Amino acid sequence: MYLIQLTAKSDIVDTGAKELLDHKYPSTLDSVDLAETEILKAAGDAGFDEDEQHRIGMAVRECMVNAVVHGNRYNRNKQVHVSVGTAEGRFTIRIVDEGEGFEDSDVPDPLHENNLLRHSGRGLFLMRAFMDEVSVRKLSPSGTEVTLVKNVARSE
Amino acid sequence: MSVKIDTRKVGDVTVVDVSGRITLGEGSSAMRDILRDLTAQGNKKILLNLSEVSYIDSSGIGELVSGFTSVANAGGTLKLLGLTKRVKDLLQITKLYTVFDVHEEEAHAIRSFA
């Protein structure tokens, strides 16, 4: 289902597309670990080396924590939808929560001197540091969709 | 268990040996608790040995930063020892590497508190 959505959004007809994971997780910290483990396996199967797998795993962990903690606020009636696919050399992870949603521009720069010693606020920054592309989309009427992309060719 | 923490005294320095993962949940809570307790007990010189830490997420970084500031606010000093390459990279990416006093050798780190 995910790849059909991806194709419809980008108007790309990709015969090499492959769906690797499509799962809905409850809003718990165990889900963070589980999603990280499953996506790491998918990344390994996609050919990423150990260092790249580590970077992907960290980005996924940060994104899942945001979805479970800040998005769904541990609400067991809400889920986190995770889908992973490869197409045209791009390993794409899509993580969607059912929270109130947030705008990318609302997140303060954690590298600013006034924010450097803040306890939190580094998750999105780390996702961007470890992935090739990160996009955040506030959904209507609720929820946030974060798309993480790692180019497969980069680790070859 | 995601994280294991032991403390020992070397002179007047409290060395905190941490191993495992410092991530949101058990790992970050354990870090928060030990640094809070050591500060409350009046320990002014704390050396955090992270040489056996395999993984830190943003929550773990947050606990390191909070520990650093709370120890400093209590008139003490918190230093780091033995960062793995991945943890070092993480602190450099977040521009925190130069905030902390980081050491590679324990004896050198202990002497630096004098």
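1. The exposed residues Asp30(A), Thr37(A) and Asp45(A) sit on the face of α2(A) turned away from its buried side. Helices (H or I, at least four residues) and strands (E, at least two) are DSSP runs, numbered from the N terminus.

2. This is a predicted model, in which local features need pLDDT of at least 70 and side-chain atom pairs count only at pLDDT 80 or more, while totals for chains, interfaces and linings use all residues. Residues are numbered from 1 along each chain as its sequence is written, with chains lettered from A and ligands numbered from 1 in the order in which they are written.

3. On confidence: the predictor gives the complex an ipTM of 0.91 and a pTM of 0.89. Chain B has a mean pLDDT of 96. In that chain, 99% of residues reach 70 or more. pLDDT is the predictor's confidence in each residue, from 0 to 100.

4. Helix α2 of chain A covers residues 29-45, 17 residues in total. Its first and last C-alpha atoms are 25 Å apart, close to the 24 Å expected at 1.5 Å a residue. The expected span is 1.5 Å times one less than the number of residues. Buried in α2(A) are Ser31(A), Val32(A), Ala35(A), Glu36(A), Ile39(A), Ala42(A) and Ala43(A). The buried residues of α2(A) fall within an arc of 130° seen down the axis, so they line one face of the helix. The arc is that of the directions from the helix axis to the C-beta atoms. An α-helix has 3.6 residues a turn, so residues three or four places apart point the same way.

5. What covers that buried side? The cover includes β1 (18-26), α3 (50-71), β2 (79-87) and β3 (90-96) of chain A. After α2(A) comes Gly47(A), with a positive phi near 105°.

6. Helix α1 of chain B (residues 26-40) has 15 residues and reaches 21 Å, close to the 21 Å expected. Its buried residues are Gly27(B), Ser28(B), Met31(B), Ile34(B), Leu35(B), Leu38(B) and Thr39(B). They cover an arc of only 135°, which puts them on the same side of α1(B). Asp33(B), Asp37(B) and Ala40(B) are exposed on the face turned away. Gly42(B) follows α1(B), and its phi is positive, near 90°.

7. The largest nonpolar core has 35 residues. Such a core is a set of buried Ala, Val, Leu, Ile, Met, Phe, Trp, Tyr and Cys residues joined through C-beta atoms within 7 Å. Those with the most contacts inside it are Ala59(A), Cys63(A), Met64(A), Ile95(A) and Met127(A). α3(A) gives the largest share, 9 residues. Apart from this core lies another, of 30 residues, including Ile22(B) and Leu83(B).

8. Which residues does Met127(A) contact, leaving aside neighbours within four places in sequence? They are Ala59(A), Glu62(A), Cys63(A), Val134(A) and Leu148(A). Contact means C-beta atoms, placed from the backbone, within 7 Å.

9. The contact between the chains takes 16 residues from chain A and 15 residues from chain B. On the chain A side, α3(A) gives the most, with 5 residues. That side divides into 9 nonpolar, 4 polar and 3 charged residues. Ala, Val, Leu, Ile, Met, Phe, Trp, Tyr, Cys and Pro count as nonpolar, Asp, Glu, Lys and Arg as charged, and the others, Gly among them, as polar.

Conventions
Buried ≥ 20, exposed ≤ 12 C-beta atoms within 10 Å, placed from the backbone. Contact = placed C-beta atoms within 7 Å.
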